[in-house]
Amino acid sequence: MKNSVRIRVVNPNTTASMTTLIDDCARAVAGPGTLVESVTSAMGPASIESHYDEALAVPGLLAEIARGEREGVDGYVIACFGDPGLYAARELARGPVIGIAEAAMHAASHLGRGFSVVTTLTRTAGQAADLAERYGLQRFCRGVHGTDIPVLELEDPKVRGVIAQACRDAVADDDSEAIVLGCAGMADLCEYLTEQVGVPVVDGVAAATLTVQSLLTLGLRKSGRGEFAAPGPKHYTGLLAEFGTEGAER
Ligand code: 2AL
């Protein structure tokens with residue numbers, strides 16, 4: 001059992017104001033023995049709302065995980081709902097790495113028979129549905145609903161009402177019993193939406209932070225055996241040369 005833990009929350013998009021929002025929400029739930037440090041990726045897209053954005057957000061995310069490992073971080077949250085680079089990050093880290101979609105969907109599965117995801121652009125709905133399947137939670141996921149609000153417009157207070165209505169519609173259309181918020185930028189709306197919607201509303205930033213905290217408090221680390229073992233030594237070239245694993249201390 002460990003009573004003091006250091007969790008790094010990585011915002012894999014490059015918008016620092018969104019990291020501030022994420023950091024506030026992670027700190028609000030962390031226990032007294034938990035140090036939360038949120039960081040913004042140093043390279044990549046300003047927001048992640050396509051497969052292309054997601055692919056190009058991964059190098060910056062992995063650079064933050066590698067830096068965290070050098071700095072002695074205990075565990076990580078990937079604070080983007082596509083859980084970009086989750087499995088690669090898990091290979092790099094010694095401690096637990098949890099994505100916000102992964103954490104939120106698991107939490108919602110404990111709260112009712114079915115949940116709906118309310119997200120940003122409708123074009124990302126397929127990615128969220130794929131994640132439910134990947135995590136074995138497809139039978140709980142009754143629908144994914146886009147609002148067509150871009151990630152960087154979530155900070156505008158005018159969108160709150162639109163998201164609340166989308167949540168109410170999702171509950172009615174899917175006959176669902178909980179809502180999963182489909183973007184890290186919605187984390188600060190969780191309390192408001194819970195009041196407005198009348199079913200449990202799960203924010204993945206808070207859920208993932210507490211999942212990592214729980215695993216660390218239990219003294220549990222990533223399994224180093226098999227699929228998520230550290231990647232083997234390899235030479236990388238070009239723009240990705242610094243990501244090579246040759247000579248990495250493992
Ligand atoms: C996200 C998110 O959480 N952060 C980001 O940049 N894009 N998710 C989403 N569904 O658009």
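Mentor: A backbone N or O atom of Ala184 lies 2.8 Å from an oxygen atom of the ligand. That is a polar contact (a pair of N or O atoms within 3.5 Å; within protein, one must be able to donate a hydrogen and the other to accept it, and residues adjacent in sequence count only if both atoms are side-chain atoms). The model is predicted: local features need pLDDT of at least 70, side-chain atom pairs count only at pLDDT 80 or more, and totals for chains, interfaces and linings use all residues. Residues are numbered from 1 along each chain as its sequence is written, and side-chain values use heavy atoms, with hydrogens and water left out.

Trainee: How is the protein chain divided?

Mentor: Domain bounds come from an automatic or database domain assignment. Domain 1 covers 5-100 + 206-243, and domain 2 covers 101-203.

Trainee: What area is buried between domain 1 and domain 2?

Mentor: The size of an interface is often given as the accessible area lost when the parts come together. The probe is 1.4 Å, and the loss is summed over both parts. Here the buried area is about 2,200 Å², with 61% from carbon and sulfur atoms. In domain 1, Leu21, Glu49 and Phe81 lose the most area to domain 2, together 33% of what that side buries.

Trainee: How many salt bridges are counted between domain 1 and domain 2?

Mentor: Side chains of opposite charge can pair when their charged atoms come close. The rule asks for a side-chain nitrogen of Lys or Arg within 4 Å of a carboxyl oxygen of Asp or Glu. Between domain 1 and domain 2 there is one salt bridge. Glu102 and Arg90 form a salt bridge through their side chains, 3.0 Å from N to O.

Trainee: What is the count by this rule?

Mentor: Eight salt bridges. One of them joins the side chains of Arg8 and Glu37, 2.9 Å from N to O. This pair links distant parts of the chain, 29 residues apart: Arg8 sits in strand β1 (residues 5-11), Glu37 in strand β2 (residues 34-40). Strands are DSSP runs (E, at least two), numbered from the N terminus.

Technical notes. Buried area = accessible area lost by both parts, 1.4 Å probe. Helix = DSSP H or I, 4+ residues; strand = E, 2+ residues; numbered from the N terminus.
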